[in-house]
Structures are given as structure tokens and as C-alpha cells.
Number of protein chains: 2
Amino acid sequence: MNTPRILEVRKGILKKNDQLARGLRQRFREAGVFVVNLVSSPGAGKTSLLQKSLLVLREQGYHVAALVGDLATENDARRLAQSGAPVRQISTGTTCHLEAEMIGRALKGWSLETLDLLFIENVGNLVCPASYDLGENLRAVLFSVTEGEDKPLKYPTIFNSADVAVLTKMDLADVAGFNRRLALENIQKVRPGMTVLETSARGEQGLTAWLAFLQKQIPVSKTS
Amino acid sequence: MNTPRILEVRKGILKKNDQLARGLRQRFREAGVFVVNLVSSPGAGKTSLLQKSLLVLREQGYHVAALVGDLATENDARRLAQSGAPVRQISTGTTCHLEAEMIGRALKGWSLETLDLLFIENVGNLVCPASYDLGENLRAVLFSVTEGEDKPLKYPTIFNSADVAVLTKMDLADVAGFNRRLALENIQKVRPGMTVLETSARGEQGLTAWLAFLQKQIPVSKTS
């Protein structure tokens, strides 16, 4: 019987991850940096939303940076670095999520004190990242209008573990036959009271509301 | 140090899965049923393609059935059962893929001998399902035009482990600004010579080609 042993090992990993995440959270607090963990399916638009967010936040004088997780390639880091913000890629190999330990390692040598906002773009996956705390202050789950309205019901854990849901690709809602009412209803079924922002990185729809939502969360000591 | 122990346990699981998958493959061969494992991101259109496929294949006199994997809900099984084909849902809980053992259990009581084609719809995930052989004869990776052309490069293992790639939602290609040439190029980079089918379940584009591709694979003893 393998099962009990596997469970035991998994619990061990998670416990270790939780401890490391606690350490990261403490470090982020001391540095006064607000950390956002973006999770979603592959291709839901995390990198596109982040590209726009980094650009606009920098224009507004915020100090922002990003860590990007992927199994392979450094494509996303290259895309994000065009904003001028410091960006580091974390290659996870065959691992389907980021872990606190990977974040700690990727942050080596960075002076977090100079940052207002740090974005972590997780591996595109609606299952694995749900269980791994990265010490973030806010977890945002992205959900594109082309994925189908049932995703919150089918992946309840990740919606439950997130603080805010961001609908993406709203410019495709009509052609995709997106049922907005049903999608919102399904989010609320899984996570009653959850804040939902509606965006399109291509059309820049909802970008201001998304950034205002983030800016409200930045520690006062930084913005004053 | 947890790492060596985890690796050892994972290898143990995979070895056990491979053994069970071998048993399933033998059973499928003896029953003369052709088994297709559909893998993709969440919301790439596995259920929609399958709905249409089951309907048309049944109209053409084929005996078809489906197993559907999801973390939660029986939505997909309900959608597929409308075709009149036998369908069973496998609830994986927090597991991000189907395993051979789950397939074996779900098939209990089914007389595979009466079937020509059995579809297995995997959990929506571009990472975990890659490593789990389900005893299938064909693995098809679906890839929707709204996900971005870079997905084969970012999730190479699943494209490498698949036998055929199916582009989905081709009716949205223009509005999504899909770069078809680049997507095909990226597939070929990861898996040179891979067959790629272009479909839209909504527009029924490419459905005939997809079904013809499957029909060519059904054991002759069944079709004669």
C-alpha cells in the first residue's frame, strides 16, 4: 500500500512550504512590499495583464518587479522585461506549481525594500498552485471568457484559495458566447462575496479598476 | 532532505501506473476497442469536441463510450450523456490527472467487447496528465487558438507524449489574432512530424477530418 506513505510525504512537503512561506511573508512585510500571486489556466492571459500592469504602474512612479514561473522557456520573462521592470524567470522543469523555496531562491540579491509591488506569475495550472502558499499578500485567479463558465465549479479549490477573481479577454466575450451572469454566479457559488474584476488586456478594459484595486492594498508607509 | 524520498515514491507510483496501464492496454486489445485519451488546458474544448464526436459516430453506427475525469462536478458526464452514449464520470478530488487505476475501477461492469471506440477525457491540465499512461492507443492534445501560440514550447512534455495535436476553436482564430503559422511551427519544434488537425466544435470545422482520422485507427476486425 503506497497511499499512506505518499500522503505523509505530501503533508511533509506542504508543512515545509508553509514554514518557508511564513518566512517570506515576514520578509515582505518588513520590506514594505505588497506581493501578488497570479494563478490561472495556461493561456488565460496572466502575462498580458502583467505586461500592461507593469508598464502603467511604472509610469505612475511605482517600483514594481515580477517573478515568472514556467516549466520551460524564458518567453514570459522576456515579454515582461520590455516594461523596464526587473523580472526573473523560475524554471520549474516538470513541477506544476511554484513553491515558497523557489521564490526564496529567486529573490536572492534583490533589495525588496526598494519595491512597492512584486508580482509572482505562477505556472499555468488550475490545480497544483492552489495548495502552495508563496507568502503572497494577495492571490488573484484569472479566468478567461473563452474557458467556459463552469471553471469555478470544476476547480473549486483554486477559486477558494484566491482573494480576487479577474475575468480576462472580455473583448472576446460576445464572439465566444460568454454567459457573464452564469460565470459570476458560479464564482459566487464557490466563493460567496468574492470580488470580481472584468478586464481585457488587449482593449485595456478594466485595467484602471484592477490597478486601483492593487494600489489600495499597498502599505501606507510606501505611498505616503 | 525530503527530495530523494519523494522522487523514490513518485517513481514507485509511476511504475505501478505503468504496470496497470499495460494490463489495460492488453484488455483493450483483446476486446478490440480503440481508446483515445484527450488532454488539454482547462477549457480548451475537450467536452465540446467529444459531444460532437459521440453524436456523429453513433449516427454512423459506431459503438462509442466515454470516461470523463474532473476534480469536481459531473457536468461533463451529463453533457456527454446527451449523445446517448454510455458515459461515466471519474471524480479525482484534488488529483490533477487520471491514473490507470482509476480507469480500471471506472470500467468495472462494462463489456468492452461491444465497443468500437472508448474516449477518455482527462482532467484539464497541461502538466500532470503527461506522465500517466492510461493504456490508451492514442493520446490527443487539444490546443485552443485563444491560449497563445507558445503553449507547445511552454508545456513540451505533454506535446511530446501525445500522438496528435488538435487545434480547437478555429472559428475564433481571427478575432483572437491567432498566428496559425507560428503555432504550427512551435508544435513541430517540440514534436517534429506531428499530425495537426484544425477544428471548431461550434462551427463543426474539421470534425469530419478528425473523425476520419480516428476511424482509420479502429481495429479492422471491428469495421469489417
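This is a predicted model: local features need pLDDT of at least 70, side-chain atom pairs count only at pLDDT 80 or more; totals for chains, interfaces and linings use all residues.
## A walk from the disulfides to the sheet

Start at the link between Cys96(A) and Cys128(A): this one is left-handed, with -100° about the S-S bond. A disulfide joins the two residues, Cys96(A) and Cys128(A), with an S to S distance of 2.3 Å. A disulfide is a covalent bond between the sulfur atoms of two cysteines. Here the pair links distant parts of the chain, 32 residues apart. Cys96(A) sits in the loop between β3 (87–91) and α4 (100–106) of chain A, while Cys128(A) sits in the loop between β4 (117–121) and β5 (138–144) of chain A.

Are these cysteines buried or exposed? Cys96(A) is buried because its relative accessible area is 11%, under the 20% cut-off. Cys128(A) is buried too, with a relative accessible area of 10%.

Cys96(B) counts as buried at 11% relative accessibility, and Cys128(B) counts as buried at 9%.

Now for how the chains relate. Two copies of a chain are related by a rotation about an axis and a shift along it. In this model, a rotation of 180° with 0.0 Å of shift along its axis superposes chain B on chain A, with an RMSD of 0.0 Å. That is the relation of a two-fold axis. The same surface serves both copies, too: 98% of the contact residues of chain B recur in chain A. As for confidence, the predictor gives the complex an ipTM of 0.90 and a pTM of 0.92. Chain A averages a pLDDT of 93, and 93% of the residues score at least 70.

A residue that touches both chains is Asp150(B), so it's worth a look. You'll find Asp150(B) in the loop between β5 and α5 (151–154) of chain B. Asp150(B) is buried, with a relative accessible area of 13%. Which residues is Asp150(B) in contact with, leaving aside its neighbours within four places in sequence? They are Asn75(A), Asp76(A) and Arg79(A) from chain A, plus Asn186(B) from chain B.

Next, the sheet. Strands of a sheet pair through backbone hydrogen bonds, either parallel or antiparallel. Chain B has an open sheet of 7 strands with parallel pairing, in the order β3-β2-β4-β1-β5-β6-β7. The edge strands are β3 and β7 (195–198) of chain B, each pairing on one side only. From one strand to the next, the twist averages 20°. Helix α2 (residues 46–59) of chain B packs on this sheet, touching β1, β2 (64–70), β4, β5 and β6 (164–168) of chain B. The direction of that helix makes about 170° with that of β4(B).

Let's follow the pairings strand by strand. Strand β1 (residues 34–39) of chain B pairs with β4(B) in the parallel sense over 5 bridges, and Val36(B) has Phe119(B) as its bridge partner in β4(B). β2(B) and β4(B) also pair in the parallel sense, over 5 bridges, and Ala66(B) stands opposite Phe119(B) in β4(B). Then β2(B) runs parallel to β3(B), joined by 5 bridges, with Gln89(B) in β3(B) as the bridge partner of Val68(B).

Why is β2(B) described as largely enclosed by the rest of the structure? Because 7 of the 7 residues of β2(B) are buried. Val64(B), Ala66(B), Val68(B) and Asp70(B) point one way from the strand, and Ala65(B), Leu67(B) and Gly69(B) point the other way.

One last stop, back in chain A: Ala44(A) is found in the loop between β1 (34–39) and α2 (46–59). Ala44(A) is buried, with a relative accessible area of 0%. Not counting residues up to four places away in sequence, Ala44(A) touches Leu142(A), Ser144(A), Glu147(A), Thr168(A) and Lys169(A). Ala44(A) and Thr146(A) are 102 residues apart in sequence and 8.5 Å apart in space, C-alpha to C-alpha.

Methods: Residues are numbered from 1 along each chain as its sequence is written. Chains are lettered from A and ligands numbered from 1 in the order in which they are written. Side-chain values use heavy atoms; hydrogens and water are left out. Copies are superposed by least squares on the C-alpha atoms of residues with pLDDT of at least 70 in both. Contact means heavy atoms within 4.5 Å. Helices (H or I, at least four residues) and strands (E, at least two) are DSSP runs, numbered from the N terminus. Buried means under 20% relative accessible area, exposed over 50%, partly exposed in between (1.4 Å probe, protein chains only). A disulfide is a pair of cysteine sulfur atoms within 2.5 Å. Two strands pair if DSSP finds at least two bridges between them. Axes are lines fitted to C-alpha atoms, for helices over the stretch in contact, and angles run from 0 to 180 degrees between N-to-C directions. pLDDT is the predictor's confidence in each residue, from 0 to 100.
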